[in-house]
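This briefing covers the strand pairing, the salt bridges and the nonpolar cores of one protein structure. Please keep the sequence and the 3D view open while reading.

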Amino acid sequence: VICEPTVNLIEQVNRAAIDLALITHVPENGYSEIVRREPLLWVGSANHAVHEEPVLPLAFGRPNCIWRHKAIEALGNAKRDYRVLFTSWSATVISASVLSGLAVSVLAECSLRPGMRVLSEAEGFPKLPDVEIGLIRARGRQSPIVDAMAQHVIESLDNLGPPRFGMAADGAEIRLRRAPALTQPRW
């Protein structure tokens, strides 16, 4: 198991260094079987008000991160000032900066943690597109074990629901919505 940015995983699958990869689906990157779709959400700390700063401090993945590009594009369209304070491909680092009240970030719904607050359009955070998670396989490396692993990963993602919590602007806990399920993989 390797946890790396989508760009790195695509390269490793193309070299057949790994058999399977879960990636953020981007049509320009080529083929992937979409196996999950969920909201991409603005998140801040439930215990801090860093989201109210006139120049919004942000924590994102590396500069080639697709979610980062979507968030920066949305902030530009909303004419919201920002600065990127933290850059890491580690979700733990990004989450820690959010939970400690140092920055705002974007996360897929399933990645929310207790202590995080979903930031809404009413608070000046533009709606973001849904995240599509794709599965890619190394060409010519098909085998029953790889097929079984791919099927297990897909089925496990079906069981992954959204967290049962969220924080409203008034501090009240709310239940988050689940994105519509895919009826069939999209190629």
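Buried means under 20% relative accessible area, exposed means over 50%, and partly exposed is in between, with a 1.4 Å probe and protein chains only. The model is predicted, so local features need pLDDT of at least 70 and side-chain atom pairs count only at pLDDT 80 or more, while totals for chains, interfaces and linings use all residues. Residues are numbered from 1 along each chain as its sequence is written, and side-chain values use heavy atoms, with hydrogens and water left out.

**Sheet**

- Helices (H or I, at least four residues) and strands (E, at least two) are DSSP runs, numbered from the N terminus.
- Two strands pair if DSSP finds at least two bridges between them.
- An open sheet is formed by 3 strands in the order 1-8-2, with antiparallel pairing.
- Strand 1 (20-24) and strand 2 (33-38) are the edge strands, each pairing on one side only.
- From one strand to the next, the twist averages 25°; axes are lines fitted to C-alpha atoms, for helices over the stretch in contact, and angles run from 0 to 180 degrees between N-to-C directions.
- Helix 1 (residues 6-14) packs on the sheet and touches strand 1 and strand 8, where contact means heavy atoms within 4.5 Å.
- The direction of helix 1 makes about 150° with that of strand 1.

**Strand 8 and its partners**

- Strand 8 (residues 131-137) is joined to strand 2 by 5 bridges, and 5 bridges also join strand 1 to strand 8.
- Thr24 stands opposite Ile133 in strand 8.
- Strand 8 is mostly covered, with 6 of its 7 residues buried.

**Salt bridges**

- The whole structure holds 5 salt bridges, each being a side-chain nitrogen of Lys or Arg within 4 Å of a carboxyl oxygen of Asp or Glu.
- Arg37 and Glu132 form one of them, with the closest N and O atoms 3.1 Å apart.
- Arg37 lies in strand 2 and Glu132 in strand 8, so this pair ties together parts that are 95 residues apart in sequence.
- Arg37 is partly exposed at 22% relative accessibility, whereas Glu132 is buried at 14%.
- Arg137 and Asp147 meet in a salt bridge at 2.9 Å, N to O.
- Because Arg137 lies in strand 8 and Asp147 in helix 4 (residues 144-158), the pair ties together parts that are 10 residues apart in sequence.
- Arg137 is partly exposed at 27%, and Asp147 is partly exposed at 35%.
- Glu11 forms a salt bridge with Arg15, the closest N and O atoms being 2.7 Å apart; Glu11 is partly exposed at 44% and Arg15 is exposed at 52%.

**Nonpolar cores**

- A nonpolar core is a set of buried Ala, Val, Leu, Ile, Met, Phe, Trp, Tyr and Cys residues joined through side-chain atoms within 4.5 Å.
- The largest core has 26 residues, and Trp42, Leu58, Val104 and Val106 have the most contacts inside it.
- Elements giving two or more residues to this core include strand 3 (40-45), strand 4 (56-60), helix 2 (66-77) and strand 8.
- Helix 4 gives the most to this core, with 5 residues.
- Beyond four places away in sequence, Val104 touches residues including Trp42, Leu58, Leu119 and Phe125.
- A second, separate core of 8 residues includes Ile10, Val13, Ile23 and Ala138.
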